[in-house]
Amino acid sequence: MNRIYMIGFMGCGKSAVGRRLSFLLKLPFYDMDKEIVRQTGKTIPEIFEEHGEEYFRELETQFLQNFKNDHCIISTGGGVTMRKANQKIMRNTGLVLFLDAPFREIWRRIHRDPNRPIVRQSTREEIEELHKARYRDYKQTAHITIRTEFRTLRQITQYASFQVKRLKGE
Ligand SMILES: Nc1ncnc2c1ncn2[C@@H]1O[C@H](COP(=O)(O)OP(=O)(O)OP(=O)(O)O)[C@@H](O)[C@H]1O
Ligand SMILES: O=C(O)C1=C[C@@H](O)[C@@H](O)[C@H](O)C1
Ligand SMILES: [Mg+2]
């Protein structure tokens with residue numbers, strides 16, 4: 001399959017860049033978190049509170065296994081690479097693009113957001129540890145890594161488009 005997956009930590013720019021890339025490449029855009037909210041009829045904090053994180057992780061895997069659309073851009077949840085099975089599905093069904101943003105910038109963007117159960121329950125130090133712990137999985141899963149520091153959304157999108165076309169041999 002021919003998808004483009006945007007991966008990376010919360011707030012790294014997956015949705016913002018994914019949306020712009022979808023205009024540029026004329027591909028439909030999907031947000032995994034939003035699809036899960038739509039399918040379950042519950043918000044992400046509700047899913048975490050009522051069923052726990054492991055259940056949410058299972059929903060993510062099910063989404064990746066069952067989603068039928070090809071030729072599209074999918075912005076994933078920040079924890080999607082925690083499962084090896086998810087890493088494998090993404091690499092086997094498309095190009096994986098990691099947006100590597102510095103932690104202080106990520107923290108600035110996410111720390112006040114009430115819709116992020118993991119952030120709500122943790123200190124800055126704990127979230128920084130989580131960012132560190134996940135970093136290797138993002139890098140290993142990605143076909144393309146883009147460092148976002150000092151780059152505008154427009155520059156990141158242009159660079160992403162260039163790399164996608166190069167890897168597809170276009
Ligand atoms: N390179 C950038 N320059 C300036 N603003 C940016 C950049 N990347 C992202 N942003 C802004 O940071 C915020 C978070 O970005 P976005 O929502 O795209 O992240 P995300 O990875 O989709 O996060 P999540 O899915 O965890 O909510 C948005 O307001 C976005 O416009
Ligand atoms: O980083 C994470 O573990 C998460 C990121 C969000 O996109 C959501 O998928 C959820 O809040 C969990
Ligand atoms: Mg997003």
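The structure is a predicted model, in which local features need pLDDT of at least 70, side-chain atom pairs count only at pLDDT 80 or more, and totals for chains, interfaces and linings use all residues. Residues are numbered from 1 along each chain as its sequence is written, while chains are lettered from A and ligands numbered from 1 in the order in which they are written.

**Packing of helices H6 and H8**

- Helix H6 spans residues 103–110 and helix H8 spans residues 124–141; helices are DSSP runs (H or I, at least four residues) numbered from the N terminus.
- The axes of H6 and H8 come within 11 Å and cross at roughly 125 degrees; axes are lines fitted to C-alpha atoms over the stretch in contact, and angles run from 0 to 180 degrees between N-to-C directions.
- H6 is therefore oblique to H8; angles under 35 degrees count as roughly parallel, over 145 as roughly antiparallel, 65 to 115 as roughly perpendicular and the rest as oblique.
- The H6 and H8 crossing is right-handed, a term used if the near helix is turned clockwise from the far one by less than a right angle.
- From H6, Phe103, Ile106 and Trp107 meet Arg124, Ile127, Glu128 and His131 of H8; two residues are in contact if their C-beta atoms, placed from the backbone, lie within 7 Å.
- The residues of this contact comprise 4 nonpolar, 1 polar and 2 charged; Ala, Val, Leu, Ile, Met, Phe, Trp, Tyr, Cys and Pro count as nonpolar, Asp, Glu, Lys and Arg as charged, and the others, Gly among them, as polar.

**Annotated positions**

- An unreviewed UniProt entry places the feature "binding site" at Asp33, Arg57, Gly78 and Arg134, and UniProt (unreviewed entry) also lists Ser15 for "binding site".
- UniProt positions are given in the numbering used here, feature names are shortened, and annotations may be inferred rather than shown by experiment.

- Not counting residues up to four places away in sequence, Arg57 touches Gly79, Met82 and Arg83.
- Arg134 belongs to helix H8, is partly exposed with 18 C-beta neighbours inside 10 Å, and touches Phe9 and Thr81, not counting residues up to four places away in sequence.
- Ser15 is found in helix H1 (residues 14–25) and is partly exposed with 15 C-beta neighbours inside 10 Å.
- Ser15 touches Asp31 and Ser75, not counting residues up to four places away in sequence.

How values were computed: Helices (H or I, at least four residues) and strands (E, at least two) are DSSP runs, numbered from the N terminus. A residue is buried if 20 or more other C-beta atoms lie within 10 Å of its own, exposed if 12 or fewer, and partly exposed in between; C-beta atoms are placed from the backbone.
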